[in-house]
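Look over the sequence and the model below. The report then takes up side-chain contacts, a sheet and salt bridges.

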Amino acid sequence: MNARRMRPSSRPRLEVDWVVVPVTGIRKWGLSLLLVLLAGGLGFVCWTLFHEPVEKKARRLIQQATAYEEDLHRAGVSEGLASEFEQGTKLLAQAKRDFENRDFPAAAARAEDALHRFELLLRLVNREFVGAAQIIAVSGRVEVQRANQTTWEKAKERQALYNGDFLKTAADAVAELLFADGTVYRVGPDSLLEIHREARTGPKSEPGEVKVRVGQVNVSTALNPSSVVTDAAGVRIHQESRVGVEVAEDATTTVAAYAGRARVTGSSGQAVDLADRQAVTASREGSLSARRAVPEPPQLEAPQANTLINMDQTNRVTLSWRPVPGAESYKVQVSRSRLFAPANIEVEATRLEPSVTLRLRLPGTYYWRVAAVGPERTASEWSSPRSFRAYTGTRVEELADTTPPVLSVQKPQQMGNFFLIQGVTEPGATVTINGEAVAVAGDGSFKKAVAINREGKSVIVIRATDAAGNTAEHKETVFVEVD
């Protein structure tokens, strides 16, 4: 499940209330008033550009998802991935209807879900699906142990997993798996799971199954059901559902249906059906608790996404969200990385009120998210994360900066007519690949699958731009052959 129990930190880097970001150095003052005013003007312009209205965001996501859908149509989707593609198409069609009805938040949410599904498919298109599942994303230390083997190997993207294979994640790691039936498993930190039997497609197909020994998985099904088993319970997840399963070290299993339906059967034989936003816990002996409500995830209010905070004017920022009915408290996480891996968490706090105030002393980009906690400590999904950027007089210095940002790009990995582009630039810089914006993590890393739809030689252009407008460019020449 997304909401994890809090871990004590041996060296707190932020404190609530007030939250203090440690100082790594004190920069000297003395810059002219003119440059300060220019920096403020620049900050206002950047804030205006980054503060994207929800209607504009919905339109952009729909356009991007539509382009990816067309790319997949041209490339062709194998039978094993057809159900996931169909689900993405349905989501996109609903997003377009929401947009026509001027329900822009719903349109943006559905278009973003469809876009994510299409992005996953783009990594596997034009390749036959091998194994029960394939690893489609890895962050941190993730390892695989093959069936009947005793050694662990480093997990890799596009790696096939077979019946009997184990996968484990470290405390700072997460992974995503795509099954042949279109189900996506998102594996949280400190997790160990086993591919329990083959996932097959077709009219008589059985659901893919994963056994979770310890840790958490979030399962998103498309047009096929899926199953998760633990020592305490079995979970049958219906199609078009989103369910979280968390196994504690004592084998106690908590199952939460965030959307759709699931049937939980304890090892004692007792069974419970879950609907939207319902949860149940199986004891280590296999007995099931009563169903309980799962709160809705909070909706973040302020600051708006990508807000710029001038620390020369104020060093405080208040994070706020809408109150959730039935919530008894809220969990707040603030991180320097959009991945929110435990090792990178700056703040993990519990709040009774729907807000928290930070006092900032270190410039940089911060990401934050919130989960609501209801009765019996049942937590919601995490909210969609937001980011803000704090800056001091160093932003004024960027006006006179003429040094291009660092840009390092790995050799592209080819998958048919798709190329996986990975690299790193300086934190805070923006990156485009062939003119299209790419998400940059807090540490400056980025990754994107690029489709080349013509045969022969093509050039992929990667460009990084820092806050002062300096640009670094890298070009990769690639080849696509059609049999």
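## Contacts of Gln64

Gln64 touches Leu115, Glu436 and Lys448, leaving aside residues up to four places away in sequence. Contact here means heavy atoms within 4.5 Å. Gln64 sits in helix 2 (residues 54–75). Helices (H or I, at least four residues) and strands (E, at least two) are DSSP runs, numbered from the N terminus.

Gln64 is buried, at 17% relative accessible area. Buried means under 20%, exposed over 50%, and partly exposed in between (1.4 Å probe, protein chains only). A polar contact of 2.9 Å links the side chains of Gln64 and Glu436. Such a contact is a pair of N or O atoms within 3.5 Å; within protein, one must be able to donate a hydrogen and the other to accept it, and residues adjacent in sequence count only if both atoms are side-chain atoms.

## Basis of the model

This is a predicted model: local features need pLDDT of at least 70, side-chain atom pairs count only at pLDDT 80 or more, and totals for chains, interfaces and linings use all residues. Residues are numbered from 1 along each chain as its sequence is written, and side-chain values use heavy atoms, with hydrogens and water left out.

An open sheet of 4 strands runs in the order 31-30-33-34, with antiparallel pairing. Its edge strands are strand 31 (436–438) and strand 34 (471–480), each pairing on one side only. Two strands pair if DSSP finds at least two bridges between them.

Strand 30 (residues 430–433) is joined to strand 31 by 3 bridges. Thr432 has Ala437 in strand 31 as its bridge partner.

## Salt bridges

The count comes to 18 salt bridges. The rule asks for a side-chain nitrogen of Lys or Arg within 4 Å of a carboxyl oxygen of Asp or Glu. Lys168 and Glu143 meet in one of them (3.7 Å, N to O). Lys168 lies in strand 6 (residues 166–169) and Glu143 in strand 3 (residues 142–145), so the pair ties together parts 25 residues apart in sequence. Lys168 is partly exposed at 28%. Glu143 is buried at 18%.

Arg242 and Glu381 form another salt bridge (3.0 Å, N to O). Arg242 is in strand 13 (residues 242–247) and Glu381 in the loop between strand 25 (364–373) and strand 26 (386–391), so this pair ties together parts 139 residues apart in sequence. Arg242 is partly exposed at 31%. Glu381 is buried at 14%. Through shared partners, salt bridges join Arg141, Glu143 and Lys168 into one network.
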